[in-house]
Amino acid sequence: MAIQPSDQPQRPEKSVKRAAAAATCGALACLLGISAAAAYLTGTARAVNPFTINANLKVELTEPAFSSEAAANMLPAQTVAKDPTITNAGSIPVYIAADVKIPVFSGNALIEGVDTTLADADLFTFAVNDGWEQDGAPLLKDGYRTYRYIYEAELAPNASTKSIFDAVTLANFTQDAGITTTSIDVSAYAIQSEGFSDAHEACAAYGASAMA
């Protein structure tokens, strides 16, 4: 009698299908693992820290006691009030420096009662107040002698210095010096105090050329 083929699937074929399914699941799991690893490795983060710069640094120079009427038509040896005072009009502590330009003359004048011939002598003299210190030797240029003074104390916002001086006195001419109109020029400078140990260090860092 002939043997008929069985309708039931062969066991080896079933085993092959299960193996293929298992291999497919394993491959899928491997792909998922790679995808997760790639997402982790390409993750990024940012930290943004804003900074602002305080540029509010300025000064005001006033002369409360000065009178232009009193300074008109001066006579030899006459003294008039002149009191340059600097105010910190900014919002940060500063050190202060000031340049005072005094006109010079050549001619004769009484010096301690002696008629003396002078060359490039200061037309006006003054007494510097406490708290101010002269910085270096004065510079003679273009008919003026420029003195630089440093205010030794740190100046807080809205605070003012002592006046550099309180009055000026005209030289005691004994002959016409050939000058009818002139001026005393005062310039003030502020340097931030942050980063400096004292006013002299701050002014040296600022530079003589910048303040000339």
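**Before you click**

This is a predicted model, in which local features need pLDDT of at least 70 and side-chain atom pairs count only at pLDDT 80 or more, while totals for chains, interfaces and linings use all residues. Residues are numbered from 1 along each chain as its sequence is written, and side-chain values use heavy atoms, with hydrogens and water left out.

**The whole chain**

Start with a cartoon view. The protein has 3 helices and 11 strands, where helices (H or I, at least four residues) and strands (E, at least two) are DSSP runs numbered from the N terminus. Along the sequence the pattern reads α-β-β-β-β-β-β-β-β-β-β-β-α-α. Of the 212 residues, 27% are buried; buried means under 20% relative accessible area, exposed over 50%, and partly exposed in between, with a 1.4 Å probe and protein chains only. Contact here means heavy atoms within 4.5 Å. Among contacts between residues at least 6 apart in sequence, 73% join residues at least 24 apart.

**The nonpolar cores**

Next, select Ile96, Val100, Phe105, Phe124, Trp132 and Ile164: these have the most contacts inside the largest nonpolar core, which has 27 residues. Such a core is a set of buried Ala, Val, Leu, Ile, Met, Phe, Trp, Tyr and Cys residues joined through side-chain atoms within 4.5 Å. Strands S4 (94-111), S9 (144-155) and S10 (167-170) each give two or more residues to this core, and the largest share, 7 residues, comes from S4. Now centre on Ile164, whose contacts beyond four places in sequence include Pro84, Ile86, Val100, Trp132 and Val186. For a second, separate core of 7 residues, pick out Tyr95, Ile150, Ile191 and Cys203, which are among its members.

**Aromatic rings**

How many aromatic pairs does a search of the whole structure find? There are 6, counting rings of Phe, Tyr and Trp (its six-membered ring) with centres within 6.5 Å; planes under 30 degrees apart are stacked, over 60 edge-to-face and the rest tilted. Show Phe105 and Phe173, an edge-to-face pair at 5.1 Å centre to centre with 85° between the planes. The pair links distant parts of the chain, with Phe105 in strand S4 and Phe173 in the loop between S10 and strand S11 (185-192), 68 residues apart. Both Phe105 and Phe173 are buried.

Then move to Tyr147 and Tyr149: their ring centres are 6.3 Å apart and their planes at 15°, so this pair is stacked.

**Charges over rings**

Two lysines come next. The charged end of Lys82 sits over the ring of Phe66, 5.0 Å from its centre, and the charged end of Lys101 sits over the ring of Tyr144, 5.1 Å from its centre. The criterion is NZ of Lys or CZ of Arg within 6 Å of the ring centre and within 35 degrees of the ring normal.

Finish with a pair of threonines. Is Thr85 buried or exposed? Thr85, in strand S3 (residues 85-88), counts as buried because its relative accessibility is 12%. A polar atom of its side chain lies 3.0 Å from the backbone oxygen of Asp83.

Thr125, in strand S6 (residues 124-125), is partly exposed at 46% relative accessible area. Its C-alpha atom is 5.6 Å from that of Val168, 43 residues apart along the chain. Beyond four places in sequence, Thr125 is in contact with Ala167, Val168 and Thr169.

How values were computed. A polar contact is a pair of N or O atoms within 3.5 Å; within protein, one must be able to donate a hydrogen and the other to accept it, and residues adjacent in sequence count only if both atoms are side-chain atoms.
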